[in-house]
Amino acid sequence: TPPLADVTTASLDALRKYSAAVRANNVENNSTKSVELAREAVAIDSTFASAWRVLSIAMGNAGLPRSSRDSASERAYRYSDKLPELERLKTTASYYMNGPHADRGKTIAAYEALMRKDETQLANNIGTMWNSRREYARAESVFERDIAHDSGSAISYLNLVETQLDRGRVKDAEATLALSRRHFPADGALRSHLPLVLYAQGRLDDAERDLDSLGSGYDAALRSKIIDARADFARLRGRYAEATRLAHEASAAMAIQGVSGTALTDSLDWLALDAWFHGASDRIVRAVDATLAAFPLRQLAIADRPYFRAATVYALAGRPDKGRAILEQYQREVTDTARLRLQGPGLHNALAEIALADHKPLVALAEFRRGDVASDGFPAGECEPCAVFSFARAFDLAEMPDSAIATYERYLASPYWAKVMELDNFALAGTHKRLGELYEARNDRQKAISHYMRFVELWKNADPEFQPKVAEVKQRVARLTDAERR
């Protein structure tokens with residue numbers, strides 16, 4: 001059997017559960033199984049710091065509520081003072097990485113101290129910190145080093161693939177994924193990354209086919225992510241009804257894990273997409289009102305309350321006043337300075353959406369820029385094109401066409417490993433259509449035609465409700481093509 005982990009507990013049974021939990025999370029990529037095993041370990045030994053630490057990490061990987069992850073992380077930190085040095089440093093680093101007082105600077109310092117004591121220790125985790133600050137080259141070198149020291153970990157390969165895609169090094173990502181799958185042929189998370197590599201290569205049809213070929217023999221968290229990815233690809237193609245059905249199916253897969261609070265978050269996400277694709281309407285406002293009445297924010301743990309999402313949906317639905325009321329509620333109810341510091345970017349992005357809805361694009365641009373910087377002065381998150389797309393929207397509404405064109409083009413050119421899932425699924429088709437309009441207004445017919453045709457290609461099989469937009473763009477292309485010939 002695999003050797004037991006070298007950690008501190010008074011119970012051999014708890015140690016066995018912990019060792020199996022680590023293997024489930026790090027080698028099998030089965031976060032649901034890891035959560036169950038780690039819970040069993042802390043049930044046996046309630047002061048088992050390392051088991052609480054792994055429980056927090058596995059909960060995060062499984063998509064469980066923030067409050068439960070924070071609680072496990074705090075328990076780990078509370079029991080860490082009497083641990084041996086390496087184990088204590090590892091627990092401290094994890095606390096600052098995943099806990100309620102997350103701090104990237106302290107996380108990096110703790111992992112650097114840990115690696116000075118033992119260079120094989122969790123270099124992978126410090127790499128994720130570099131990625132979150134968009135220091136992709138540093139992250140890539142760390143993941144490569146981690147693989148050299150520990151070829152038994154699938155997570156390092158997974159993170160290396162993602163970082164290479166972040167850097168636009170698609171051939172390297174393809175090679176890394178192929179190598180990882182030789183080492184871990186049964187790993188579901190690695191297998192599910194092939195469509196992302198294909199998408200980065202511009203092979204959209206192949207990516208969809210490969211995603212559809214994935215079976216169902218995975219844990220609930222990964223199964224939900226795969227179904228969600230199918231929904232994203234369907235939405236990218238304008239198959240909104242299919243995407244909505246799949247999104248509900250993914251949510252049901254997550255509910256198997258007993259995830260509390262997911263119903264509210266999922267409902268708000270669906271309503272945000274509804275407003276994005278169909279425009280602001282009283283219908284959507286009433287639906288948001290009903291959702292918040294059914295799932296009052298105050299009934300959730302404060303860490304799990306989606307204030308910013310609710311405010312954003314109201315703004316997209318055409319009621320920025322209701323969005324402002326949600327943010328005022330947030331400012332009354334959230335007083336912990338550490339949480340306010342961490343959530344600063346989210347607050348600024350929500351304020352930006354409200355400013356856009358108020359037709360104050362320059363105010364929105366300033367808020368979007370604040371939302372892209374964390375309290376440590378580094379970028380707030382890994383996804384650069386997410387921020388760039390927001391800037392482009394503000395420039396566009398401000399009637400600054402040159403800046404809008406340049407920034408939309410920058411969004412299209414910016415790589416990111418999860419771009420189709422986090423951004424392109426709702427933004428790409430509309431961006432091509434809008435760029436076509438902007439180039440047409442500048443009388444740049446060739447570029448207008450190019451972007452219009454990319455929109456048509458994406459939405460050629462879109463739902464019937466969107467086909468009038470496709471027909472309109474086809475007419476524009478025909479008119480521009482005739483003008484080019486003359």
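Okay, let's start at H432, which sits in helix α25, residues 419-441. Helices here are DSSP runs of H or I, at least four residues, and strands are runs of E, at least two, numbered from the N terminus. Before I go on, this is a predicted model, where local features need pLDDT of at least 70 and side-chain atom pairs count only at pLDDT 80 or more, while totals for chains, interfaces and linings use all residues. Residues are numbered from 1 along each chain as its sequence is written, and side-chain values use heavy atoms, with hydrogens and water left out.

Back to H432. Is H432 buried or exposed? H432 is buried, with a relative accessible area of 2%. For the cut-offs, buried means under 20% relative accessible area, exposed means over 50%, and partly exposed is in between, using a 1.4 Å probe and protein chains only. The side chains of H432 and H451 are joined by a polar contact of 3.0 Å. That term means a pair of N or O atoms within 3.5 Å; within protein, one must be able to donate a hydrogen and the other to accept it, and residues adjacent in sequence count only if both atoms are side-chain atoms. Leaving out residues up to four places away in sequence, H432 touches L412, H451, Y452, R454, F455 and L458, where contact means heavy atoms within 4.5 Å.

Now the cores. A nonpolar core is a set of buried Ala, Val, Leu, Ile, Met, Phe, Trp, Tyr and Cys residues joined through side-chain atoms within 4.5 Å. The largest one has 89 residues, and those with the most contacts inside it are L165, Y199, F233, L236, Y411 and W459. Which helix gives the most to this core? That's α25 again, with 8 residues. Take L236: not counting residues up to four places away in sequence, its contacts include Y199, V420, L428, L458 and W459. There's also a second, separate core of 27 residues, and A272, I284, L292 and A310 are among them.

On to charges. Side chains of opposite charge can pair when their charged atoms come close. We call it a salt bridge when a side-chain nitrogen of Lys or Arg is within 4 Å of a carboxyl oxygen of Asp or Glu, and by that rule there are 40 salt bridges.

One of them joins D70 and R66, at 2.9 Å from N to O. These two are 4 residues apart in helix α4, residues 66-78, so about one helical turn separates them. D70 is buried at 5%, while R66 is partly exposed at 26%.

Next, K322 and D289 have their closest N and O atoms 3.4 Å apart. K322 is in helix α19 (320-333) and D289 in helix α17 (282-294), so this pair ties together parts 33 residues apart in sequence.

Then E333 pairs with R298 at 2.7 Å. E333 is in helix α19 and R298 is in the loop between α17 and α18, so here the parts tied together are 35 residues apart in sequence. E333 is buried, at 19%, but R298 is exposed, at 55%.

And D205, E208, R237, R239 and E242 form a network of salt bridges.

Last stop: how many disulfides are there? The count is 1, using cysteine sulfur atoms within 2.5 Å as the rule. This disulfide joins C383 to C386, S to S 2.1 Å. The torsion about the S-S bond is about 85°, so the disulfide is right-handed. C383 is buried at 10%, and C386 is partly exposed at 22%.
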